[in-house]
Amino acid sequence: MTTQVDRPAGPAYRILGPIEVGGGGRRQLRVPPGRQQIVLGALLLEANRLVSIDKLIDVLWYDSPPATARTQVQICVSTLRNNLAKIGMEGAILTRSPGYLLQVAEDELDAELFAKLVGEANELAKQQRPAEAAQLLRQAIGLWRGPALSGTASRTLQAKAAQLDENRLSAIETCLDLELQLGQHHQLIGEISVLVNDYPLRERLRSQLMLALYRSGRQAEALDTYRAGRELLIDQLGLEPSNELRDLEAAVLAGDTSLLIGEPPAAASTAPQITPLQLPADTGDFTGRGELIEEAGELLLGGSEPGDHRATRVVVMVGKPGIGKSALAVHVAHRLRDPHFPDGQLYCDLGGTGEQPMEPGDVLSRFIRALGVPGSAIPESVDERAAVYRSLLARKKMLVVLDDAAAESQVRALLPGSPSCAVIVTSRSRLTGLAGANMLELDVLDPDQSLQLLVHVMGQKRVSDEPAAAEALIRLVGGLPLALRIVAARLAARPRWSLAWMMERLADERRRLDELAHGEMMVRASLALTYNGLAPDARRLLRLLSSLDGMSYPVWTAAALLDEDYFHAADLLELLVDAQMLEVADLDLNGSPRYKFHEIIRLFAREQLEERESTEDRRAALARVAGGWLAIADEAHRKIYGGDFTVLHGTAPRWQPSPTYVGKVLSDPLNWLEAEHFNLCSAVSLTADAGLHEPCWDLAVTLVSLFESRCYFENWERTHHKALGATRAAGNQRGTAALLCSLGSLYLSRAQPAAAEEVLAPALGTFEQLGDPHGLAMTERNLAWLDRQRGNTTDAAGRYRQALENFSRAGDLIGQAHVLTGMARLEMDAGAHTDAGTHLREALAMCHEVGSSRVEVQVRYLLSGLLVLQGRYAEADRLLAGLLDTVRAAHDLVGEARILHRLGTISTGLGRPDEAEHLLRSALAVREKSMDFGGVEEVRIELARLLGARSATAGLPA
């Protein structure tokens, strides 16, 4: 039985300790241990996200649920819902197929408040405001009342609770760093000592205690702290302390005075300020909505509530399809962008009315990339991405437009935490669950606004010549903006038609128009009128184009769908634009237009597709488009690697776009892959669903050129699993093996050896059975990499030799170069520097032979590291000449940071300390920008050594 007690104000839901509910003026609800507590914990961990009943069953009973499990879960949820209502929290738990959603407003869950405070503190720390950052972190740490979810008897929940507890420790360590930086070492010794006793294996805490003791004049105790930790690590783990801890011990032993004044200041970042400008073009003939525009401006700029700057201002524009929500949102955003939001504008079509709405995690990834963070630094979880996103927008003046949202859960993680930002959301639904959001309801245009729209599109004279007919047209379409634009566009395209004749045509469809007065049928009938007025080949193109899922389409896709001439397809697309059935989205990389659907029109066109096109014809059209993507992706891969190297291809036919087009868009092949990656991934999914297994797997593995270089690991995994479903259903052994081998590369890059082995073993068996030397070579190379990760150097060497032989049989020079670099790494680990150098130079020669600049960069970087190990700094310096420009041109921040760091090391070795300092500070700035915190520490340590050596040389006191 739940009980209610009084409690002071605070977050309404608390999981940072035992689970508690209430507070903030409400009575507290005590949830008894057992199933109710576990279900509530599971819902709170996924607050504002749907949790399926199956997942709740797993949380409660793991792998042995009773036969009545679903009923028991439903009873638990019903009891929780009733008890929450008793303390004034009615409606908190929503039932949504296939489970439940617990609505939690901002700052009502202590775990989310903790994450928010930590994010704000991190931003303050970056702004060199350590005292304020430390204060916020102390506030965040104070939310904890014990181990997270303590007393909850669920293995699944306890695993997630462990991650929360780890976040707390990380926040404590960061706070201690800041307070040490502020000179509070005397006051912190006791606190850190307790923490080191509680967590004796955490080296960061131990190093903080050593530093606090040393700064307090207790050098012997600092050294004793190190030695006690070293003995513990050796006894329990068989490991020596980290380099950082050993370096700190050496500095304490030497009485290093630089420890007393903190680290040298980090180099200021010279990287250009990222200002995303993502708004689509404004509507040139935008008409009406004057009052709504003014109201939206006041709400977004805070004019309606002077002085209230505590929360992000959110305006939700709501209305039925075709009412003009997106056009109004973009129009308002353009009006406000200057000077109110000088730091930029973010925009995303969330696809809420489509079959596959965008996931919040994918949108966050896109926004974080647009704000300058490379893919390798983007966290895996949605919550972590949201925290990074809020930190990046903190204290910025940015406008975010979220178009076509499906539900609150799709939007909530995309809201900035900064009061200086504003958000416009468009949706069919009233998103009442967004706390503090202002709703703007869009209605049809009034008669005056509708008439003005007709004038803008057709001209004043035609409307003035037939005023009664114009008014009748407006009444017939009910003032719906989309329907008005369709009618006006047809009249504008046919100057000999009178308005009375168009009115008569619409009147002939009166039965349909009567139905349109009831809602969405209005749009369908209006679209049907326009559709029926198109030429037969234009109608067919519209139908077939709707089978694709891309955000926008280049002209060649229309040519492929129809298997027609490129320019004839372009003319048909323009006819569809004139008829308002398509829109020009933007320009392709070669300067030609790209086209997109309004989502409602896409749905209408798909209805026509299913009625009028046979399954065979639809499948053939899709196969041609997939063949076109394959043809261009093949060429992109060849340009990047110098040929068809390190990739397996199938037997799917290619549909060849014009060589001139391909040559222009592939002037920068990675840029093309990046620009088209949504369409390319969509093509994998569509061909899988259509059973086109050969082009499906071929395209998926070819796209690894993009996924790997831009760290699109989620797309890599998603496309490959989708393609695996198609190849396995078709019994396509080679395609299945190629996908498994490629997934092995993904898992190895993620340091997931067990997952890699699980996919590589069957791939190897299939390629052996098929006698496929190229497939064998790629799988053996990956297995060698796996052996090296596990320390099985003898097995790795053997695998590499087999892979080298098979790559040679397949004629794959870059595959051979990859293997030679792997062998060189083994030899470098073993101290066989001469052999490693021989293999690396052989790999470099292969890269030169085929012109593979991407792999050449990797080989030259590795060879420079070997030369540094050998003390051959001048040779290493010459080897890296020009490499920095190459990685910068490719927008490779990770590569830029590594090369700057390596060049700094080389300059130190060559006795050029000023140049070394400049390079290391530049490397530090890039690492900080890309949020590579491990790399930041590496550069800082080397920079500290350099500055220390310079001080010693200058004769400064030790």
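Modeller: Searching the whole structure gives 49 salt bridges, where a salt bridge is a side-chain nitrogen of Lys or Arg within 4 Å of a carboxyl oxygen of Asp or Glu. This is a predicted model, in which local features need pLDDT of at least 70 and side-chain atom pairs count only at pLDDT 80 or more, while totals for chains, interfaces and linings use all residues. Residues are numbered from 1 along each chain as its sequence is written, and side-chain values use heavy atoms, with hydrogens and water left out.

Start with a pair inside a helix. Lys461 and Asp465 form a salt bridge, with 3.0 Å between the closest N and O atoms. Because they are 4 residues apart in helix α17 (residues 460–465), about one helical turn separates Asp465 from Lys461. Helices (H or I, at least four residues) and strands (E, at least two) are DSSP runs, numbered from the N terminus. Both Asp465 and Lys461 are exposed; exposed means over 50% relative accessible area, buried under 20%, and partly exposed in between (1.4 Å probe, protein chains only).

Helix α44 (residues 913–929) holds Glu917 and Arg921, also 4 residues apart, about one turn of the helix. Their side chains meet in a salt bridge of 2.9 Å, N to O. Glu917 and Arg921 are both buried.

The next pair is Arg606 and Asp549, whose salt bridge brings the closest N and O atoms to 2.5 Å. This pair links distant parts of the chain, 57 residues apart: Arg606 sits in helix α26 (residues 599–612), and Asp549 in the loop between α23 (536–545) and α24 (555–562). Arg606 counts as buried because its relative accessibility is 13%. Asp549, at 26% relative accessibility, therefore counts as partly exposed. Elsewhere, a network of salt bridges links Glu46, Arg49, Lys55, Lys160 and Asp383.

Now the sheet. An open sheet is made of 3 strands in the order β5-β7-β6, with antiparallel pairing. Its edge strands, each pairing on one side only, are β5 (51–52) and β6 (93–96). Two strands pair if DSSP finds at least two bridges between them. On one side, β5 and β7 run antiparallel and are joined by 2 bridges; Ser52 has Gly99 as its bridge partner in β7. On the other, a hairpin leads from β6 to β7 through 2 residues. Strand β7 (residues 99–102) pairs with β6 in the antiparallel sense over 4 bridges, and Leu94 has Leu101 as its bridge partner in β7. Helix α1 (residues 35–45) packs on the sheet, where it touches β5, β6 and β7, and its direction makes about 70 degrees with that of β7. Helix α3 (residues 69–86) packs on the sheet as well, touching β6 and β7, with its direction at about 145 degrees to that of β6. Contact here means heavy atoms within 4.5 Å. Axes are lines fitted to C-alpha atoms, for helices over the stretch in contact, and angles run from 0 to 180 degrees between N-to-C directions.

Helices also pack on each other. The axes of helix α34 (residues 733–749) and helix α36 (residues 773–789) come within 9 Å, crossing at roughly 25 degrees. That is why α34 is roughly parallel to α36; roughly parallel is under 35 degrees, roughly antiparallel over 145, roughly perpendicular 65 to 115, and the rest oblique. The crossing of α34 and α36 is left-handed, which is to say that the near helix is turned anticlockwise from the far one by less than a right angle. Residues of α34 in the contact include Cys741, Gly744 and Leu748, and those of α36 include Met778, Trp785 and Leu786.

Two loop residues complete the tour. Glu676 has its place in the loop between α29 (669–675) and α30 (677–689). With a relative accessible area of 2%, Glu676 is buried. Leaving aside residues up to four places away in sequence, Glu676 touches Pro554, Asp588, Arg594 and Trp629. Gln278 lies in the loop between α10 (243–253) and α11 (290–301), and at 25% relative accessibility Gln278 counts as partly exposed. With the residues up to four places away in sequence not counted, Gln278 touches Gln345, Leu346, Tyr347, Phe367 and Ala370. Gln278 and Phe367 are 89 residues apart in sequence, and their C-alpha atoms are 10.0 Å apart in space.
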